[in-house]
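Hello,

Here is the structure I promised to pass on. Please open it first, then read my notes below.

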Amino acid sequence: MDCGIITSKTVLLFISLVFWAAGAGLAYVGAQILNSFGTYDSFVQDEHQYVLIPAVVIICISILMFAFGLLGCCATIRESKVGLSFFFLIIMVMFAAEVAVLVLSLIYQGKINGQLENSMTNTFSKYGSDTSTVDNLQTQLQCCGVSNYTSWFNTTWYQSHNGTVPKSCCKNNSISCTGRLDQLNMLNLEGCEVKLENLLMHVLRYAMLVVLGFAIVKFFGMLSVCVIACKSGGRRSGYQPIYA
């Protein structure tokens, strides 16, 4: 068997196996993005839907990977021209989708940076009627207020609670903290906007790196399909030796 065929088959079989692992990995990444933005959707509001588009695309791609990994194995082993052609088309479409995810991620991360502060300010101003979302955010990120703890000064809560901030601003080890401003050493003074933005950007950038890696793998997969198809076609159309 031609060395090029062997090498290309090995690459495609490896890629087929990687598809299953990649499918599991992408499903995990997509779920993490949905979970992260779902937890803080009250702060991201309208713009969060734009960031969830890449997450949905990632999960859809992961499902396709599981199915197409099996197709890749069968088509490669049998050197089926139809199977390989279909496999090439699948890889190309998935490659294009992953490139689209990268582009969308780059575009929509700017929307998060520009609109997050207004959304958070609006949510914090309504604190009292719905406290769980803000409390969870401040407790998990160990922050207080939008920009910092002074962001609470202009809220109805602060004015109606004798100039105190919510207890969710208290540090985890401050049991006696009541939210009074004479206990600043017991409060988290940093704002939540920067911390939330860094968290969302970290998740999004991690997803972008993962997608970029799989896009590169698929590019080499398309090259391997071309090698097998060309070599197999030339071999079938050539003269066959006649033995006496």
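**Disulfides and nearby notes**

Both Cys170 and Cys177 are buried. These two cysteines form a disulfide, with their sulfur atoms 2.0 Å apart. The torsion about the S-S bond of Cys170 and Cys177 is about -70 degrees, so this disulfide is left-handed. Bear in mind that the model is predicted.

A disulfide is a covalent bond between the sulfur atoms of two cysteines.

How many disulfides does the count come to? The count comes to three. Here are the other links.

Cys143 is joined to Cys192 by a disulfide, S to S 2.0 Å. This pair links distant parts of the chain. Cys143 sits in the loop between α5 and α6 (156-160), and Cys192 sits in helix α7 (residues 192-237). They are 49 residues apart. The torsion about the S-S bond of Cys143 and Cys192 is about 95 degrees, so that disulfide is right-handed. Are these cysteines buried or exposed? Cys143 has a relative accessible area of 0%, so it is buried. Cys192 is also at 0% relative accessibility, so it counts as buried.

Next comes the disulfide that joins Cys144 to Cys169, S to S 2.1 Å. Cys144 lies in the loop between α5 and α6, and Cys169 in the loop between α6 and α7, so the pair ties together parts that are 25 residues apart in sequence. The link of Cys144 and Cys169 has 80 degrees about the S-S bond and is right-handed. Cys144 is buried because its relative accessibility is 0%. Cys169 is buried as well, with a relative accessible area of 0%.

Which pattern do the disulfides of the protein chain follow? Count the bonded cysteines along the chain, and the pattern is 1-6, 2-3, 4-5.

Cys60 has a relative accessible area of 43%, so it is partly exposed. Cys74 is at 41% relative accessibility, so it counts as partly exposed too. The cut-offs explain both labels: buried means under 20%, exposed means over 50%, and partly exposed is in between.

One last residue. Where does Thr131 lie? Thr131 is in the loop between α4 (81-125) and α5 (132-141). Its relative accessible area is 29%, so Thr131 is partly exposed. Thr131 and Ser168 are 37 residues apart along the chain, and their C-alpha atoms are separated by 9.8 Å.

Best wishes

Key: Residues numbered from 1 in each chain as written. Predicted model: local features only at pLDDT ≥ 70, side-chain atom pairs only at ≥ 80, totals over all residues. Heavy atoms only, no water. Helix = DSSP H or I, 4+ residues; strand = E, 2+ residues; numbered from the N terminus. Buried < 20%, exposed > 50% of the residue type's maximum accessible area, 1.4 Å probe, protein only. Disulfide = S-S within 2.5 Å.
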